[in-house]
Amino acid sequence: MKTLKAISDAMNALEINYAFKKWKGKPKYPYFIGEYQERENPNEDGMTEKQFILTGFARGEEAIAELESTKERIKEYFPQDSGRLAIVDGSAVVIFYASAFGNLKTGDAELEKIQINLNTQVT
C-alpha cells in the first residue's frame, strides 16, 4: 500500500523507531506503531483518504518529554495546512498532521503513551 510506504519512509527520515501494527523484538524506546482507517470517498476523482494513527510508547524519567518532542518533529514534518508530498509507485501521497492525544492510559505506571493522527490522501 502506497500510504504505508510513504509513512515508513518518513519515519526512517525522521529516525523514529517505527513498525506497522506490531513491534517485534525488544522495544527501542520511544517507539511508534502505525495503523489506519479508510474513509469513504464520495467523489469520483479516484482519490482515497485514510486516517493514519501513530501510537507512541516510552519509558523512563524523560518519557513524556521524548514523546512530546517526537510529536513536534512529526507535526513539523507533516504541516497541518499544506502536508508533505511523497511520490510512491507513480502516485501522489500527501500526509497532513491532524491532532494528538497525550497521557493515554497503558495499565503500566512506568509506560507513557501518545496517539498522533495523520490524514492522508492518495491520487
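Predicted model: local features only at pLDDT ≥ 70, side-chain atom pairs only at ≥ 80, totals over all residues.
The strands E4 and E5 run antiparallel and are joined by five bridges. Together E4 and E5 form a hairpin, with two residues between the strands, and in the turn Asp-89 takes a positive phi of about 50°.

Helix H1 covers residues 2–13, and its 12 residues reach 17 Å from the first C-alpha to the last, which is close to the 16 Å expected at 1.5 Å a residue. The buried residues in H1 are Thr-3, Ala-6, Ile-7, Ala-10 and Met-11. Seen down the axis of H1, these buried residues fall within an arc of 130°, so they line one face of the helix. This spacing can be read against a general rule: an α-helix has 3.6 residues a turn, so residues three or four places apart point the same way.

On the face of H1 turned away from the buried side are the exposed residues Asn-12 and Ala-13. The buried residues of H1 are covered by parts of the chain that include the strands E1 (17–20), E3 (48–59), E4 (84–88), E5 (91–101) and E6 (111–122), as well as helix H2 (63–77). Just after H1, Glu-15 takes a positive phi of about 55°.

In soluble globular proteins, nonpolar side chains tend to be buried together. Here the largest nonpolar core has 24 residues, of which Met-11, Phe-32, Leu-54, Ile-74, Phe-78 and Leu-118 touch the most other members. At least two residues of this core come from each of H1, E3, H2, E5 and E6. Another core lies apart from the largest one and has six residues, among them Tyr-31, Ile-33, Phe-57 and Leu-111.

## An exposed loop residue

Glu-40 belongs to the loop between strand E2 (31–39) and strand E3. Glu-40 counts as exposed because its relative accessibility is 80%, where exposed means over 50%. Although Glu-40 and Lys-50 are 10 residues apart in sequence, the distance between them in space is 8.8 Å, C-alpha to C-alpha.

Technical notes:
Residues numbered from 1 in each chain as written. Heavy atoms only, no water. Helix = DSSP H or I, 4+ residues; strand = E, 2+ residues; numbered from the N terminus. Expected span 1.5 Å × (residues − 1). Buried < 20%, exposed > 50% of the residue type's maximum accessible area, 1.4 Å probe, protein only. Arc of directions from axis to C-beta. Contact = heavy atoms within 4.5 Å. Pairing = 2+ DSSP bridges. Core = buried A, V, L, I, M, F, W, Y, C linked by side-chain atoms within 4.5 Å.
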